[in-house]
Amino acid sequence: MNSPLGVAAGPLLNSRWVEGYARLGFDILTYATVRSVAWPAHPLPNIRYVENSEQVAVVSRRPSANGTTVAVSLGAPSREPDVWRKDVRRAKERIGEGQILIVNVLGTPRPDGDAEALIDDYAMCAAWAEESGADAIEVHLTAPDPFAEQPRMLYENVLLAAQILYRVRTGVGVPVLARLGPFRSPRHLHDTATRLAPWASGYVLVPGVHRRVVDNKGQAAFEGSGRERVEIVGADTFPIASRQILEMLVWRKAGAWDRAVLAVGGITSVERAEWLLREGADATLVATAAIFDPYFAARFRQARATAVA
Ligand SMILES: Cc1cc2nc3c(=O)[nH]c(=O)nc-3n(C[C@H](O)[C@H](O)[C@H](O)COP(=O)(O)O)c2cc1C
């Protein structure tokens with residue numbers, strides 16, 4: 001790769017966005033989440049500026065002075081497979097030398113469908129993405145576990161997550177990345193990464209933290225059921241995300257397993273990206289910064305060139 005900087009799943013909605021960001025100098029391009037069926041987005045607004053705190057995030061009118069932090073409630077939409085499969089192929093044709101295309105795939109639980117059906121669905125999406133030219137598959141495991149009695153994410157159901165990764169891994173020939181986190185404890189992080197290591201080429205973490213999001217009157221900021229707790233991403237999440245990324249790197253140094261670590265979460269400055277790379281991350285991915293600061297990659301490349309000179 002030309003550089004270890006890329007765009008995380010989300011901002012690159014189709015091949016035109018992939019091409020544009022490839023030209024801006026982002027070298028790892030993640031195609032936004034795709035599914036085996038067309039899936040609508042939540043109603044607008046689905047992205048809002050927030051001030052984040054431990055318990056709750058409060059909507060604000062403009063980005064905070066500490067950097068842009070947003071609440072994102074999109075609902076993991078997807079175009080229909082016929083559309084995205086052709087478009088992933090176009091995206092692959094439009095990126096340059098030394099750039100790679102990752103496709104983020106999400107299984108869709110069917111009414112009355114069991115775990116096996118969900119696993120099949122993930123495997124099918126991954127096979128389609130590979131067929132269309134993906135250089136790597138990112139398995140979206142930071143979605144709710146539809147079979148759990150208490151709310152939890154799929155990566156927190158390690159057995160099911162391992163089965164999904166196993167089926168994806170054995171169905172495609174390209175590297176398979178597991179999207180994970182945040183974790184409740186370092187032990188939980190270690191156990192999950194260790195259990196999933198046989199079926200994953202790498203881990204993408206930490207994609208955001210969940211918070212209740214309210215407006216300045218204390219009312220829910222996003223209307224509709226299932227939107228009470230929303231993913232907070234961007235600048236303010238860096239302390240939590242980077243701590244967990246470092247924990248992952250420490251376990252890898254200790255020899256627990258040897259897998260790539262693609263750092264994500266609150267990387268909103270070149271200094272943050274460089275720091276994580278120095279600590280051992282294999283790549284750094286940005287989403288919020290890609291949207292609000294599209295020349296990020298140019299500054300990142302310039303800083304590296306200056307450091308070498
Ligand atoms: C506008 C927007 C859309 C996103 N859409 C997706 C998505 O489709 N699939 C996904 O797995 N993550 C999605 N994310 C999460 C990002 O991949 C990333 O993990 C998260 O934003 C943390 O990175 P950041 O702090 O650099 O924004 C989205 C994020 C943003 C800001």
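Mentor: A crossing is called right-handed if the near helix is turned clockwise from the far one by less than a right angle. Keep in mind as we go that this is a predicted model.

Trainee: Which handedness does the crossing of H5 and H6 have?

Mentor: The crossing of H5 and H6 is right-handed, and the contact is made by Pro186, Leu189, His190 and Ala193 on the H5 side, with Gln244, Glu247, Met248 and Trp251 on the H6 side. By class, five nonpolar, two polar and one charged residues take part in this contact.

Trainee: What makes H5 oblique to H6?

Mentor: The axes of helix H5 (residues 186–196) and helix H6 (residues 238–253) come within 10 Å and cross at roughly 55°. Angles under 35 degrees count as roughly parallel and those of 65 to 115 as roughly perpendicular, so H5 is oblique to H6.

Trainee: Why is Val172 called partly exposed?

Mentor: Val172 has 19 C-beta neighbours inside 10 Å, whereas a buried residue needs 20 or more and an exposed one has 12 or fewer, so Val172 counts as partly exposed. Val172 is found in the loop between helix H4 (158–171) and strand S8 (176–179), and, leaving aside its neighbours within four places in sequence, Val172 is in contact with Ala126, Ala127, Glu130 and Ile137.

Trainee: What surrounds the ligand, and how do the residues of that shell divide by class?

Mentor: The ligand is surrounded by 26 residues, the closest being Gly10, Pro207, Val233, Ala287 and Thr288. Among the elements that give two or more residues to this shell are strand S2 (28–34) and helix H8 (288–292). By class, the shell has 16 nonpolar, 10 polar and no charged residues.

Methods. Residues are numbered from 1 along each chain as its sequence is written. This is a predicted model: local features need pLDDT of at least 70, side-chain atom pairs count only at pLDDT 80 or more; totals for chains, interfaces and linings use all residues. Helices (H or I, at least four residues) and strands (E, at least two) are DSSP runs, numbered from the N terminus. Two residues are in contact if their C-beta atoms, placed from the backbone, lie within 7 Å. A residue is near a molecule or strand if its C-beta atom, placed from the backbone, lies within 6 Å of it. Ala, Val, Leu, Ile, Met, Phe, Trp, Tyr, Cys and Pro count as nonpolar, Asp, Glu, Lys and Arg as charged, and the others, Gly among them, as polar. Axes are lines fitted to C-alpha atoms, for helices over the stretch in contact, and angles run from 0 to 180 degrees between N-to-C directions. Angles under 35 degrees count as roughly parallel, over 145 as roughly antiparallel, 65 to 115 as roughly perpendicular and the rest as oblique.
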